[in-house]
Amino acid sequence: MTTASTVIVGAGQAGLAMSLALKDRDIDHILLERGTVGHAWKTQRWDSLRTLTPNWANGLPGAPYTGKDPNGYMPVAELVRNLTEAAARIDAPIQSETEVRSVTRVEDGFQIETSNGPMGCRTLVIATGACAQPRIPAVASALPHGIAQTTPDRYKRPGDLPEGEVLVVGASASGVQIARELARSGRSVILAVGSHMRLPRQYRGHDIESWLDLLGFMDERAEDIDDLQRARNLPSPQLQGGPEPVDLNALHALGVTIVGRLTDIREGKAVFSGGLSGLITGADLKMNRLLDDVDRWVLSNALDGLIPAPDRPERTELSASQSLDWALGQAGIRSVVWATGFRPSLEWLTLPVFDTRQRLRHQNGVLNVPGVYAMGLPILRRRRSHQISGVEGDAKALAADLHRHLTGRAGIAA
């Protein structure tokens with residue numbers, strides 16, 4: 001049986017960052033990847049997708065971004081190439097095409113059953129991320145026969161959907177981007193909107209991610225956030241990898257029909273909530289509070305007049321009437337895109353590391369079972385954990401704790 005001090009499950013940016021951090025400490029390890037490097041980026045993204053964060057935030061382990069377009073947004077194919085090159089550069093010990101089927105705790109660590117045989121290790125790092133499987137609401141089972149259904153990890157391009165109206169359920173980053181692409185291709189689109197986060201891509205001449213950095217927001221530690229679980233569950237902002245807005249105003253201007261949250265499917269119709277106005281008002285209010293913080297920062301640093309003036313997005317406007325139901329099938333909607341969020345895929349993890357809602361129990365990435373760690377989760381240690389380049393700092397801190405565990409001096413890393 002193959003053994004190593006550490007097994008890392010997943011060879012995306014989080015797994016590679018941990019591999020480099022362990023190499024720096026001379027800790028032998030193996031990365032297990034169900035496909036090849038960057039498998040999810042290669043196989044579970046749509047064709048036109050670009051990274052949601054600017055290129056300057058997309059540096060990889062040991063290789064910060066040094067290209068000619070730091071404020072651009074790289075296509076997924078470029079990111080996959082970068083991941084592959086990063087894996088080769090650090091000589092990551094990857095075992096590809098290896099699916100993990102179960103993990104069992106044994107006296108000296110853990111036994112892992114894989115599609116290529118058993119393995120043993122003293123420590124385990126879960127680096128499969130938070131977006132491995134789409135969340136599909138139970139109401140999906142009530143769709144009439146013949147309605148095509150897909151999710152953002154399976155959607156590739158507008159032409160793959162059958163002719164007719166498309167219902168996109170969910171108005172976070174994936175939902176609004178897919179709705180925009182479908183509308184621009186000439187499709188009739190209905191967007192069902194629930195809780196959402198509205199942000200401008202640019203404000204006062206700078207990307208919103210740059211402002212979050214300057215305000216210190218991205219460096220806020222997990223333990224300093226008042227309602228950490230709520231912060232981790234917030235929807236991704238209505239942004240895309242490009243300068244064009246994808247908020248509800250922009251989509252409405254493209255002809256997208258905006259409706260409330262999908263609440264039911266009955267008698268051949270999709271039924272929507274009438275509470276859309278309150279959700280929109282709340283999203284606008286929170287956005288403007290953040291932009292108020294930016295304006296105060298500009299004033300306190302005596303930069304007013306040296307950078308562009310405030311250019312707030314207009315208030316989200318609703319059409320006079322809001323449809324509360326929509327016909328399905330030949331008379332209306334012919335396909336549905338469930339852009340209703342993602343969850344980790346951890347069915348193989350047969351250890352007591354979950355809470356009552358099947359979420360990993362961890363503090364700063366250190367799980368409650370000694371010797372088990374997690375990477376690539378929202379606000380793992382700091383808010384910037386969601387950035388591609390943000391995983392490197394997480395990996396260094398967790399590698400320090402992992403080293404202490406292996407040498408008998410374990411403790412939660414600072």
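I looked up H403 and found it in helix α9 (residues 391-406); helices (H or I, at least four residues) and strands (E, at least two) are DSSP runs, numbered from the N terminus. The model is predicted, so local features need pLDDT of at least 70 and side-chain atom pairs pLDDT 80 or more, while totals for chains, interfaces and linings use all residues. Residues are numbered from 1 along each chain as its sequence is written, and side-chain values use heavy atoms, leaving out hydrogens and water.

H403 counts as partly exposed because its relative accessibility is 23% (buried is under 20% relative accessible area, exposed over 50%, partly exposed in between; 1.4 Å probe, protein chains only). I checked H403 against M18: 385 residues apart in sequence, they are 12 Å apart in space, C-alpha to C-alpha.

Next I took α3. I noted V76, L79, V80, L83, A86 and A87 as buried there. Seen down the axis of α3, the buried residues fall within an arc of 125 degrees, so they line one face of the helix; the arc is that of the directions from the helix axis to the C-beta atoms. Their cover includes α1 (13-24), α2 (39-43) and β3 (94-95). After α3 comes D91, with a positive phi near 55 degrees.

Last, D207. I placed D207 in strand β12 (residues 206-207). D207 counts as buried because its relative accessibility is 6%. Not counting residues up to four places away in sequence, D207 touches P54, Y73, R201 and Q202 (contact means heavy atoms within 4.5 Å).
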